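Here's a quick briefing to read with the model open beside you.

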Amino acid sequence: MLRLNEKNLCARVTSDEVSRASASYADVLACCQGGEERHAGSLGWLHVDDWASDDTIARIEALSARLREGADTFVLIGVGGSNNASRAALCALGARGGALDGAHRVVYAGNTLSAFELRRVLEDLEGREVVIDCVAKNFETLEPGSSFRLLRQWLVERYGEKDAASRVICCGTPGSHLERLCRAHGYTFTTFPEPVGGRYTALTEVHLLPLAFAGADVRALVAGARAEEALLRDGTADPTTNAAWRYALIRRLAWDAGLRVELLSFFEPRFRWLSKWYEQLFGESEGKDGRGLLPSSAEYSEELHSLGQYVQDGTPQLMETFLDVLEPSAEDSLVLGGSDIDDRFEYLDGVDFWDVNKASFAATRAAHASALPCPTLELDRLDAEHLGRLFYFLMLSCYLSASLLGVNPFDQPGVEAYKNNMYALPGKPGYEDRKAELEARM
């Protein structure tokens, strides 16, 4: 299960206030649970089975099996929502070198314009059997477009045009230029769900295909999300027991109390890329109209010795949400041996690092909760099922939270502004007009 632990909320946001706010904003919960007509073009993720049905998963598994027969490396070309969720899942599930089975790995491109980094990607592919997957809803964004050209040409040089074509997958909108390219050149085309924005695609083919290639149990991932959907969208249940709703209300009450930053903190490094996914999800969904908590993250215990000082004693502008896993797996146990020299750490004789880490977690949360609200999202275990639950929980919470704040959860005008400015690239259609406009601002 996934639970919201409110025991470490402080006086600035209390559980009683959350319950009172639930009644005040009840109409927001009902609208979001049902899915608002005004957002119908962006809510394809709300019902998991719309884009992750058993038939869809079977088709993904079949394609993944074919790709795994001839390749050991899957290059996911995409930026932001097109790669964050699969990267988060593989890291959380304990992938080593991008692989869960030790043989089939996922690496990433299309998320940088750095020549140094792109050279590193190409060098890393030498000696590997490679397939590439270009994920682009509209195939107009520079980062994935440029990486797709680079890697496609690399495949042709290495395998020849015919064999290279069998190693190219594209995930885009039906009827788009990307689909026409696939038809013309014999690439495999898969569907980017049109009614789902990139940052909400965690439970769609966009990410299920690379996860299946790497050896993840995508059926368990989707099953967890389905279970969470059934729980959180039950309009007959007492709203004050809805954890996603209460978490969204905590965020709104924190904003009302003058807090301006949410820190997602964790003592398990496997959440590192999940935190990046969270930052995009909430940052791009809520950060508009001069509103929204700034989403950031902290990887403890290392950052207790840097950022932790600010969290405890700095400007009082934070709420801190902790991620916690309650039950260890076999790989989560490592017991220290007895004393062999006088290192003055004899109190650690026979102690498991799991318990040491948990003690540090509890001590940190207690200290921080004396100054700021510290809700905790608790997972029974860190496995595919619980990760699916967490993905769905946070996406629904984000929808609820943005709606409570009065902003559109599904547009990204700031991102579009930067993309429009890229028309100043030499040779790009509209270059001269856009260049003159930008120069006039400087």
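Going by the rule that a disulfide is a pair of cysteine sulfur atoms within 2.5 Å, the count here comes to zero. Cys134 is in no disulfide, and the nearest cysteine sulfur, that of Cys170, sits 5.2 Å away. Keep in mind that this is a predicted model, where local features need pLDDT of at least 70 and side-chain atom pairs count only at pLDDT 80 or more, while totals for chains, interfaces and linings use all residues. Residues are numbered from 1 along each chain as its sequence is written, and side-chain values use heavy atoms, with hydrogens and water left out.

**Cysteine background**

- As a reminder, a disulfide is a covalent bond between the sulfur atoms of two cysteines.
- Cys134 counts as buried because its relative accessibility is 0%; the cut-offs are under 20% relative accessible area for buried, over 50% for exposed, and partly exposed in between, with a 1.4 Å probe and protein chains only.

**Overall fold**

- The protein has 17 helices and ten strands, which are DSSP runs numbered from the N terminus (helices are H or I with at least four residues, strands are E with at least two).
- How does the radius of gyration compare with that of a compact globule? For 442 residues the globule would come out near 22 Å, and the protein has 23 Å, so the two agree.
- That radius is taken over C-alpha atoms, and the globule rule is 2.2 Å times the number of residues to the power 0.38.
- The C-alpha trace spans about 60 × 60 × 50 Å along the principal axes.
- Of the 442 residues, 50% count as buried.
- Looking at contacts with a separation of 6 or more, 76% are between residues 24 or more positions apart; a contact means heavy atoms within 4.5 Å.

**Surface and charge**

- Arg246 belongs to helix α11, residues 243-256.
- Is Arg246 buried or exposed? Its relative accessible area is 10%, so Arg246 is buried.
- Skipping neighbours within four places in sequence, Arg246 touches Leu4, Glu6, Ser15, Val18, Ser19 and Thr240.
- Leu281 is in helix α12 and counts as buried because its relative accessibility is 1%.
- With neighbours within four places in sequence set aside, Leu281 is in contact with Arg199, Tyr200, Leu394, Met395 and Cys398.
- Leu281 and Ala220 are 61 residues apart in sequence, with 22 Å between their C-alpha atoms.

**The loop between β9 and α14**

- Asp349 lies in this loop, which runs between β9 (318-325) and α14 (353-369), and counts as partly exposed because its relative accessibility is 36%.
- Neighbours within four places in sequence aside, Asp349 has contacts with Leu336, Gly337, Gly338 and Ser339.
- C-alpha to C-alpha, Asp349 is 37 Å from Ala103, and 246 residues separate them in sequence.
- Asp342 is in the loop between β9 and α14 too, and at 68% relative accessibility it counts as exposed.
- Asp342 and Ser42 are 300 residues apart along the chain, and their C-alpha atoms are separated by 62 Å.
- Arg344 is also found in the loop between β9 and α14; it counts as exposed because its relative accessibility is 69%.

**Backbone spots to check**

- Most residues other than glycine have a negative phi, and most peptide bonds are trans.
- Arg344 has a positive phi, near 65°, and is not a glycine.
- Asp289, another non-glycine, has a positive phi of about 60°.
- Asp289 lies in the loop between α12 (272-286) and β8, and it counts as exposed at 63% relative accessibility.
- Which form does the peptide bond from Tyr300 to Ser301 take, cis or trans? That bond is cis, with omega near 15°.
- Ser301 is in the loop between β8 (294-299) and α13 (307-313).
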